[in-house]
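Please work through the following questions with the sequence and the 3D structure open beside you. Each answer ends on what was asked for.

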Amino acid sequence: MKYRWALRPVENPDAVARLQRELNNLPEALARALVLRGIETFEAARHFFRPSREDLHDPFLMQDMEAAADRVATALTRGERILVYGDYDVDGTTSTALLMHFLRSRGASAQFFIPNRFRDGYGLGPAGIEAAAGFGASLIIALDCGVTAVEEAAAIRARGMDLIICDHHTTKDRLPEAVAVLDPKRPDCPYPFKELCGCGVTFKLVQAVLARLGEAPEAALAYLDLVAVATASDIVPVGGENRILLSEGLARLRTAPRPGLHALAEAAGLDLHTCSTSKIVFGLGPRINAAGRLSDAALAVELLLCEDPARALEYAHRLDALNQQRRSLDAETVREAAHMAERQLSARTRHTLVLHHPGWHLGVIGIVASRIVERFYRPTIMLSTVDGLVKGSARSIEGVNVFEALTACADLLATYGGHDYAAGLALEEANLPAFRERFDEAVRAVVTPEMLLPTLALDAPLSLADIDARFWAVLKQFAPFGPGNDTPVFHARDLAVAGHPRTVGADSTHLKFAVRQRTGGDGSHPVMPVIGFKLHRHLPTVERSLREGLPLELAFSIEENRWNGRTTLQLRARDLRLGERPATD
């Protein structure tokens with residue numbers, strides 16, 4: 001994919017120089033990266049580099065939290081039966097495991113229900129309500145779902161059961177009638193941080209219930225490994241409170257993970273002692289998700305609740321096998337969807353892709369939609385047919401709110417829900433042609449030609465000579481990374497290729513070479529290794545730079561490479577291009 005390189009603008013340039021002074025002559029590139037993340041003072045930098053649990057917000061600031069905590073505390077005191085109603089993705093299963101463990105640890109009679117993606121669909125539904133009634137539950141607690149379930153909430157009330165909703169998705173005009181609706185995105189919710197994932201909201205509920213029971217809310221910190229897995233996997237912004245939850249949760253994963261997560265890491269070949277956001281996103285998360293995508297998400301919850309290491313490892317290997325199956329389905333579906341997308345785009349100018357195949361596996365089309373967005377950079381909807389109804393997932397690009405675009409098509413949809421960049425939907429197949437056009441019109445109204453060309457955002461220009469031990473020591477503290485705090489990407493000019501550029505990897509799709517700064521012309525500048533994942537197409541450019549002595553420009557991040565017991569720094573290429581030959585050459 002071709003990128004448009006753009007240096008991210010700093011609204012207050014004076015803040016960069018001030019931050020450099022306040023942080024003991026911090027390199028300009030790092031000061032600029034901090035200001036771009038809203039860090040403009042020494043005090044803000046201290047909070048950023050030292051996220052502390054002491055800065056977590058009071059859970060009772062959330063609308064309806066008083067009522068929710070009182071109701072759960074009452075249920076525990078009276079020995080009522082509670083049904084925990086989760087969702088089948090990572091956020092939903094970790095939320096379910098968190099609350100189930102807490103309730104059982106307090107002696108509650110509690111069961112959980114996760115809807116089957118293929119049989120029950122998303123969110124609160126009849127099957128779960130029947131399960132609650134059959135269990136004799138007087139209270140249902142819905143996690144990571146429910147904020148739009150107006151009719152389902154009425155049905156629960158009609159059956160004589162109470163309902164508490166813990167959600168983080170965008171609300172509609174009318175909220176369900178329930179004992180409590182916990183959602184920071186409620187228009188009337190004064191909670192200071194709006195971007196918690198569903199598991200984060202569940203964590204807040206547990207803190208509040210502990211307070212109501214006269215116990216220390218800090219006891220909930222034992223669940224931060226689950227919150228970290230959910231926060232990283234659900235791709236929520238990692239600023240503010242999420243940065244604290246993720247940092248604390250990663251520390252717990254590295255030192256004292258629960259048996260289920262330890263077993264899952266072992267099955268995946270991951271070292272949790274060096275756990276990072278990316279290891280969750282690409283290692284743990286997909287395996288947890290695989291249960292709900294291809295089988296029963298209850299398997300993931302049982303893994304996360306399991307206290308026996310041997311049993312946990314059995315669950316983990318089952319999830320790993322499901323993930324392998326999922327990856328094979330992904331590859332096949334990507335090939336089919338890409339071919340279909342090429343035909344749609346060649347037939348006429350389109351701002352979106354709405355792809356439908358009745359045989360596509362409902363459990364993988366969300367992942368594939370993301371792959372198609374990466375390849376064609378259009379808001380994409382992938383649809384399959386299940387029991388006569390067309391169902392699927394939407395993924396978007398920067399600047400296009402896919403939930404709002406779906407709202408413009410609401411009269412054509414049976415159901416839909418989600419947020420800015422991801423959503424789920426269902427519709428009658430007869431409405432598909434009209435929906436395809438309406439959705440495209442809705443996106444066309446807000447998109448510009450520039451938005452359809454992905455931008456590679458650059459944090460700062462950087463000379464390789466400035467990368468020293470102090471630079472790396474500070475840069476490491478930018479982690480954990482994620483939306484709102486992406487890994488800083490730097491721009492180096494006037495580089496010379498050193499060594500022999502080549503492709504590497506089992507499929508030869510990665511690019512490996514080395515560079516040094518040309519400035520000075522004496523060749524004394526240190527050589528830095530470069531790895532470019534999936535950048536094999538740039539090999540001719542690197543070879544030409546070496547052959548003809550042309551300067552190279554590199555967009556890159558900096559990372560550690562651990563190999564054979566040694567740890568070294570390397571540049572991770574994001575993109576590259578030939579620079580202009582200096583006039584003095």
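Q: At what angle do helix α8 and helix α9 pack?
A: The model is a predicted one. In it, helix α8 covers residues 198-212 and helix α9 covers residues 224-233. Their axes lie 8 Å apart, and the packing angle is about 155°.

Q: Are α8 and α9 roughly parallel or roughly antiparallel to each other?
A: The angle between the two helices is about 155°. Angles over 145 degrees count as roughly antiparallel. α8 and α9 are therefore roughly antiparallel.

Q: Which residues of α8 and α9 make the contact, and how many of them are charged?
A: From α8 come Cys-199, Gly-200 and Phe-203, while α9 gives Leu-224, Leu-226, Val-227 and Ala-230. By class, six residues in this contact are nonpolar and one is polar. Gly counts as polar. The number of charged residues in the contact of α8 with α9 is none.

Q: Is Asp-225 buried or exposed?
A: Asp-225 has its place in helix α9. Leaving aside neighbours within four places in sequence, Asp-225 touches Gly-249, Arg-252, Leu-253, Pro-257, Arg-258 and Leu-261. Buried means under 20% relative accessible area. Asp-225 has 1% relative accessibility, so it counts as buried.

Q: Which helix supplies the largest share of the lining of the second largest pocket?
A: The second largest pocket holds about 310 Å³ of space and has a lining of 19 residues. Both α3 (42-49) and α10 (240-255) supply at least two residues of that lining. The largest share is four residues, and it comes from α10.

Q: Which residues lie nearest the centre of the second largest pocket, and how many lining residues are polar?
A: Nearest the centre are Ile-39, Phe-48, Gly-239, Gly-240 and Arg-243. By class, the lining has seven nonpolar and four charged residues. The number of polar residues in the lining is eight.

Q: Is Asn-24 buried or exposed?
A: Asn-24 is in the loop between α1 (13-22) and α2 (28-36). Its phi is positive, about 60°, although Asn-24 is not a glycine. Exposed means over 50% relative accessible area. Asn-24 reaches 59% relative accessibility, so it counts as exposed.

Q: What is the phi of Lys-534?
A: Lys-534 is found in the loop between β16 (528-532) and α19 (539-548). Lys-534 is not a glycine, yet its phi is positive. The value is about 60°.

Q: What distance separates the C-alpha atoms of Arg-518 and Leu-552?
A: Arg-518 lies in the loop between β15 (510-517) and β16. With a relative accessible area of 17%, Arg-518 is buried. Along the chain, Arg-518 and Leu-552 are 34 residues apart. Their C-alpha atoms are separated by 9.5 Å.

Q: How far apart in space are Ala-127 and Arg-174, C-alpha to C-alpha?
A: Ala-127 is in helix α6 (residues 126-135), and it is partly exposed, with a relative accessible area of 34%. Leaving aside neighbours within four places in sequence, its contacts are Phe-113 and Asp-120. Ala-127 and Arg-174 are 47 residues apart in sequence. In space, the C-alpha to C-alpha distance is 23 Å.

Note on methods
Residues numbered from 1 in each chain as written. Predicted model: local features only at pLDDT ≥ 70, side-chain atom pairs only at ≥ 80, totals over all residues. Heavy atoms only, no water. 1 Å grid on protein atoms, 1.4 Å probe; cavity = no way out; pocket = protein on both sides within 12 Å on 5 of 7 lines; lining within 4 Å. Points joined across faces, edges and corners; volume = space filled by probe spheres on them. Axes fitted to C-alpha atoms, helices over the stretch in contact; angles between N-to-C directions. Parallel < 35°, antiparallel > 145°, perpendicular 65-115°, else oblique. Contact = heavy atoms within 4.5 Å. Buried < 20%, exposed > 50% of the residue type's maximum accessible area, 1.4 Å probe, protein only.
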